[in-house]
Amino acid sequence: MPRVTVTDLSGESRAIDAEVGLSLMESLRENDFDDLAAICGGCCSCCTCHVYVGGDAADKLDPMDDDEQMLLEDSPHYQQGESRLSCQIEVTDDLEGLQVTIVAEE
């Protein structure tokens, strides 16, 4: 399981072991990050699992598809190169060292 460091809305950070094969959103929810609403449940139809990505593993993420890009670009919190929907990130061993910050909803 890759170790991912997560910063919540209060600014507190903690490392979790993310389960390979799940989406990052699922791993965050399983580790009690209640700041992440994830209203659509991972269908890529809302922006309530928005995170900023960084750290050594950020460049190992699969590129965004058009649907994810459109949703994020409509968010007032969009940051090019950092914004991702956690439901669209599959956890792999390559994500060791990933750092994510949960983004506030609109």
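Helices (H or I, at least four residues) and strands (E, at least two) are DSSP runs, numbered from the N terminus. Keep in mind that this is a predicted model, where local features need pLDDT of at least 70, side-chain atom pairs count only at pLDDT 80 or more, and totals for chains, interfaces and linings use all residues. Residue numbers start from 1 along each chain as its sequence is written, and side-chain values use heavy atoms, with hydrogens and water left out.

Start by selecting Ser83, which belongs to strand 4 (residues 83-85). Ser83 has 1% relative accessibility, so it counts as buried (under 20% relative accessible area; exposed is over 50%, partly exposed in between, with a 1.4 Å probe and protein chains only).

Now show what surrounds Ser83. Leaving out residues up to four places away in sequence, its contacts (heavy atoms within 4.5 Å) include Val51, Tyr52 and Met64.

Next, pick His50, in strand 3 (residues 50-55). His50 is buried too, at 2% relative accessible area. Its side chain makes a 2.8 Å polar contact with the side chain of Ser83. A polar contact is a pair of N or O atoms within 3.5 Å; within protein, one must be able to donate a hydrogen and the other to accept it, and residues adjacent in sequence count only if both atoms are side-chain atoms.

Last stop: select Arg14 and Phe33. The charged end of Arg14 sits over the Phe33 ring, 4.2 Å from its centre (NZ of Lys or CZ of Arg within 6 Å of the ring centre and within 35 degrees of the ring normal).
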